[in-house]
Amino acid sequence: MTQNILLLPGDGIGPEIMAQAVRVLNKLKTDGLDIQWDTALIGGCAVDETGNPFPEETLKKCRAADAVLLAAVGGPQYDSLPREQRPERGLLAIRKEMQVFSNLRPAVVYPELVEASTLKPEVIAGLDIIIVRELVGDIYFGEPRGIEQRVTENGEERVGFNTMIYNETEIRRIAHSAFKTAQKRNKKLCSVDKMNVLEATQLWRDVMIEVSAEYPDVELTHMLVDNAAMQLVRNPKQFDVMVTGNMFGDILSDAASMLTGSIGMLPSASLDANGKGLYEPIHGSAPDIAGKNLANPLAMILSVAMMLRHSLNQTEAADRVDNAVKAVLAKGYRTGDIMTEGGIKVGTVEMGGAVLAEM
Ligand code: IPM
Ligand code: MG
């Protein structure tokens, strides 16, 4: 049966890197993979055309697809729009609507890129960790939220507020996803919270411990988020799988990305309860380099590989894409963000072409 993919190029460098992903998909299709794709709007380009960063039409197409591939959203020209119209709202809405609560963010250091990291080679060489970030709850979505005029001890003034909230069901389902991820790897899971201060994360820790009873083969440890941030740059190889809430996961995954040399290398998968997923590079729309053929398309192409693996069950095709990326790095091709001594500097299109040639 033909599998349907929805492509969401979005804004900034999004369309450029998506074009490289499409070349990869075309190659796979030509070689016999039974896939087809459609395109839709999200983010700033959707606001420009429809006034809504996540139009109804895009939601319909998401529901009909077997997997969704998203490039990036956002740009400075949208920062002054009302909050509901900002591109980031489109991103949050698609995650919520698709209920992709389990966000897998691997951080892998390729041997050829050890020198591209700002950290010492011995700290990061061989690093292979994965952050499992809860993606549809926490302070990102908690109510009440807002900015209001209120009477405080200082008189009347503006007050800004958000709500950090998790129910047991939300914690339990991400726990299962993380334990299962750990079972497929080194069977070590570190749960990150701030239970010394925040009740919501005390519950997080309690539920993690409860669920761990069902996974006796996985060793569960706990770490406070401030310490986890420090340990990630001090000795990241102590980790294998980390699981944490939406906001802590946002922050820790950016820190983890820099261990690998460039945020331009990191793909992600966000999965719902049935394994249907939304796949996106973890970097943003990089408006400063958009349209200049400078962006690194590898995180986008690696997101295609994750999609093939996790939602489309095409392990062989996924390996083929992953291996092509490894080969390209081994041959020395580099975009600006991952430039190393003696590297062959290429642009977005040439990097896509190099991956294609390896396939
Ligand atoms: C990410 C991004 C988003 C987030 C932004 C763009 C809303 O930083 O995917 O990590 O905070 O989740
Ligand atoms: Mg982020």
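How far apart do the C-alpha centres of domain 1 and domain 2 lie? In this predicted model, the separation comes to 25 Å. The protein is divided into domain 1, which takes in residues 1-101 together with 264-359, and domain 2, which covers residues 118-260. Contact between the two involves 10 residues of domain 1 and 14 residues of domain 2.

The largest pocket has a volume of about 960 Å³, and 31 residues line it. Leu104, Ile130, Met306, Arg309 and His310 are the lining residues closest to the centre of this pocket. Several elements each supply at least two residues of the lining, namely strands E4 (102-108), E5 (128-134) and E11 (267-271), along with helices H6 (168-183), H10 (298-310) and H11. By class, the lining of the largest pocket comprises 17 nonpolar, 6 polar and 8 charged residues. Domain 1 and domain 2 are both represented, with at least three lining residues drawn from each.

The second largest pocket holds about 720 Å³ of space. Its lining is made up of 29 residues, and nearest the centre lie Glu88, Arg89, Leu91, Leu92 and Tyr140. Two or more lining residues come from each of strands E3 (67-72), E6 (146-152), E7 (155-161) and E12 (277-281), and likewise from helices H4 (87-98) and H9 (246-259). Among these elements, H4 gives the most, with 5 residues. The lining of the second largest pocket divides into 12 nonpolar, 6 polar and 11 charged residues. Here, too, domain 1 and domain 2 each provide at least three residues of the lining.

The space in the largest cavity amounts to about 50 Å³. Its lining consists of Asp138, Met164, Tyr166, Val192, Asp193, Thr201, Trp204, Thr244, Gly245 and Phe248. Strand E8 (188-193) and helix H7 (199-212) each contribute at least two residues to this lining. Sorted by class, the residues around the cavity are 5 nonpolar, 3 polar and 2 charged.

Two packed helices are described by the angle between their axes and the distance between the axes. For helix H11 (residues 315-330) and helix H12 (residues 348-358), the angle is about 115 degrees and the axes are 8 Å apart. The crossing of H11 and H12 is right-handed. On the H11 side, the contact is made by Ala324, Val325, Ala327 and Val328, while H12 brings Met351, Ala354, Val355 and Glu358. This contact has 7 nonpolar residues and 1 charged residue, with no polar ones.

Two details of the backbone round out the description. Glu143 and Pro144 are joined by a cis peptide bond, with omega at about 0 degrees. Pro144 belongs to the loop between E5 and E6. Ala286, although not a glycine, has a positive phi of about 40 degrees. The loop between E12 and H10 is where Ala286 is found.

Key:
Residues are numbered from 1 along each chain as its sequence is written. Chains are lettered from A and ligands numbered from 1 in the order in which they are written. This is a predicted model: local features need pLDDT of at least 70, side-chain atom pairs count only at pLDDT 80 or more; totals for chains, interfaces and linings use all residues. Side-chain values use heavy atoms; hydrogens and water are left out. Axes are lines fitted to C-alpha atoms, for helices over the stretch in contact, and angles run from 0 to 180 degrees between N-to-C directions. Helices (H or I, at least four residues) and strands (E, at least two) are DSSP runs, numbered from the N terminus. A crossing is left-handed if the near helix is turned anticlockwise from the far one by less than a right angle, and right-handed if clockwise. Contact means heavy atoms within 4.5 Å. Ala, Val, Leu, Ile, Met, Phe, Trp, Tyr, Cys and Pro count as nonpolar, Asp, Glu, Lys and Arg as charged, and the others, Gly among them, as polar. On a 1 Å grid over the protein atoms alone, a cavity is a set of points where a 1.4 Å probe fits but cannot get out, and a pocket is an open set with protein on both sides within 12 Å along at least five of seven lines; lining residues have an atom within 4 Å of a point. Grid points are joined across faces, edges and corners, and a volume is the space filled by probe spheres set on the points. Domain bounds come from an automatic or database domain assignment.
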